[in-house]
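I opened this one with my notebook beside me and jotted down what I looked up, step by step. Here are the entries, in the order I made them.

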Amino acid sequence: MTVPRALSVEELVTDYVYRYHHKLYPVVDDGRMVGCVTTRNIRDVPRDEWNRTTVGAIASACSEANTISPDSDVLEALRRMNQNRSSRLIVVSGERPVGILSLQDLLRFLSVKIELEEAR
């Protein structure tokens with residue numbers, strides 16, 4: 001799930017944050033990731049300015065702290081989440097976001113893996 005750069009903060013909160021309850025969203029322009037927006041970014045905008053402030057204006061640069069490659073393994077994802085005290089990473093291939101990986105996703109994966117390993 002990506003957020004267009006031109007979307008207003010008010011639309012972001014109504015259409016994304018209140019609907020999906022995530023704290024991190026990739027911001028895109030023509031399908032290319034141009035930044036990330038968090039609930040912390042939103043919190044810094046006065047409520048009466050939400051309808052005239054764009055997501056692009058409050059987005060911050062994405063970094064290794066909040067992104068990961070689709071080729072990365074589970075342990076690397078867990079390490080980054082732990083190191084940065086985050087529960088989500090944006091999966092990025094080139095300049096395009098291809099998904100969001102949550103801690104809950106990783107825990108489900110590990111649970112299935114352990115169950116399959118015990119079956120041997």
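Predicted model: local features only at pLDDT ≥ 70, side-chain atom pairs only at ≥ 80, totals over all residues.

**Entry 1: the sheet.** Before reading any strand order, I noted the rule I was using: two strands pair if DSSP finds at least two bridges between them. I also reminded myself that strands of a sheet pair through backbone hydrogen bonds, either parallel or antiparallel. With that in hand, I found an open sheet of three strands in the order 4-5-6, and its pairing is mixed. Strand 4 and strand 6 (96–102) are the edge strands, each pairing on one side only. I then followed strand 5 (residues 88–93) against strand 6, and the two run antiparallel, with six bridges. One bridge I wrote down by name: Arg88 is partnered by Ser102 in strand 6.

Entry 2: The chain has a mean pLDDT of 93, and 98% of its residues reach 70 or more. Which element has the lowest mean pLDDT? I found that helix 5 (residues 103–118) does, at 90, while helix 3 (residues 55–58) has the highest, at 97.

**Entry 3: the disulfide.** I searched the whole structure and got one disulfide. The bond joins Cys36 to Cys62, with 1.9 Å from S to S. Cys36 sits in strand 3 and Cys62 in the loop between helix 3 and strand 4 (67–68), so the pair, 26 residues apart, links distant parts of the chain. I read 115 degrees about the S-S bond, and the link of Cys36 and Cys62 is right-handed.

Is each cysteine buried or exposed? Cys36 counts as buried because its relative accessibility is 1%, and the cut-off for buried is under 20%. Cys62, with a relative accessible area of 25%, is partly exposed.

**Entry 4: the largest pocket.** The largest pocket has a volume of about 420 Å³. Of the 15 residues lining the largest pocket, Lys23, Leu24, Thr38, Arg40 and Ser86 are the closest to its centre. I asked which elements supply at least two residues each to the lining. Strand 3 (32–38) and helix 2 (39–43) each do. Sorted by class, the lining of the largest pocket holds four nonpolar, seven polar and four charged residues.

Conventions
Residues numbered from 1 in each chain as written. Heavy atoms only, no water. pLDDT = per-residue confidence, 0-100. Helix = DSSP H or I, 4+ residues; strand = E, 2+ residues; numbered from the N terminus. 1 Å grid on protein atoms, 1.4 Å probe; cavity = no way out; pocket = protein on both sides within 12 Å on 5 of 7 lines; lining within 4 Å. Points joined across faces, edges and corners; volume = space filled by probe spheres on them. Nonpolar A, V, L, I, M, F, W, Y, C, P; charged D, E, K, R; others polar. Disulfide = S-S within 2.5 Å. Buried < 20%, exposed > 50% of the residue type's maximum accessible area, 1.4 Å probe, protein only.
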